[in-house]
Amino acid sequence: MTLKPASVRRIAGRYPFGHAGDIQDAAPGLAPGDVVDVREPGGSLIGRGYFNADGATPLRMLNWDGGDIDLNFYRSRVREALARRAGRIADTNALRVLHAEADGLPGVVADQFGEVLSVQLRNAGVERHRDLILRALREETGATSAFERSDTGERRKEGLELVSGVLWGDVPEKVTFFEDDLTLHFAPMDAQKTGFFLDQRDNRRLMRRLVQPGQPFLDVYSYTGGFSLHAAKAGARSTAIDKDNVALGVLEREARENGVQVGLRWGDALEQLSALEKEKKTFQAVVLDPPTLAKRKDDVPRAKRIFTDGATSALRMLSPGGHLLISTCAHYFRVDDLLDAARVAAGAAQTDAEVVAITYQPADHPHLLSVPESLYLKSILLRKQT
């Protein structure tokens, strides 16, 4: 495969994605997911990558030295990923082992919960090499069991069917792991994505440190309530809002098993915030962490309106000196977009707030400099002015 001259510098500079407009020509007869040599127009080798002419992203780079893409390659990628995380993830037995392109394996996401591994294979290349990848993960992580949640829409764009199920070993009906002094569970085939939102670990700990026993805490878009449980463990009076009744049921059980109480409110987040305002509720800390609202650039204006409306209600109910965490998991939604939404919200709430911190995803979800798309989780922590 040969790149167009204008695309050489970007992809040779370790950017892993080649789009249709980057490709000058490709050998005929290539099957989806084939590994190809990627060359400059003059013939010099740039590296090797997966190719799928019909995929949303036809080229996904794997290396820049032309080395073989075999079992040793995949084992070394997993080994390197584990080494990067060594000593950086504490007080939990759950971590992301592979974060796709940011760990040099485009299309592979793997989370480990104790002895159980959760795997997601997202493109035609990794599907073609699934046996090698799974063997490398099994040998390098030592996981005694694993399940697959390759039921993401990205596979459809690659012409692949959605797949989920047991990969090896005896996968329990409920996967159990710990985060600090909390024991947590999820059902492998029912939970969202790869099982649990590990990427908010640092923010959960941050918010827990900001609440005192007896203080009211509000967790908006709670899902199974990681923020709520941490705050409740610190003695706060937690309330969780979500429109997923099943998730709230899980939260209720998790709270009971961890010896804490969390108030549950089912329904649309913005409607529940309005209802709480009418009830004259106040809170010492609030988390506003919606699901991805901007999957495309065109979604950003609508997402900003939702963040603004939610933050306005939250700031009105927040006690002076209280904290509000606003978080987005959308790559296209920037920190500046969060700040803009919060600024408008503060004006509407007739208050002001200090920007205490801006946080990003934790160390087991690396942000690689050459891959801007690997930065996706951004949060701002505000302190309401007295």
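In which strand is the place of Val355? Val355 sits in strand β19, which covers residues 353-360, where a strand is a DSSP run of E with at least two residues and a helix a run of H or I with at least four, each numbered from the N terminus. Before I go on, please keep in mind that this is a predicted model, in which local features need pLDDT of at least 70 and side-chain atom pairs count only at pLDDT 80 or more, while totals for chains, interfaces and linings use all residues. Residues are numbered from 1 along each chain as its sequence is written, and side-chain values use heavy atoms, with hydrogens and water left out.

Val355 is partly exposed, at a relative accessible area of 43%; buried means under 20%, exposed over 50%, and partly exposed in between, with a 1.4 Å probe and protein chains only.

Let me turn to Thr141, which lies in helix α4, residues 130-141, and is buried, with a relative accessible area of 15%. A polar atom of the Thr141 side chain lies 2.6 Å from the backbone oxygen of Leu137, and a polar atom of that side chain is also 3.2 Å from the backbone nitrogen of Ala143.

My last topic is strand β5, residues 45-51, which is largely enclosed by the rest of the structure because 6 of its 7 residues are buried. Strand β4, residues 34-39, runs antiparallel to β5 and is joined to it by 6 bridges, two strands being counted as paired if DSSP finds at least two bridges between them. Within these strands, Asp37 stands opposite Arg48 of β5.

Key:
A polar contact is a pair of N or O atoms within 3.5 Å; within protein, one must be able to donate a hydrogen and the other to accept it, and residues adjacent in sequence count only if both atoms are side-chain atoms.
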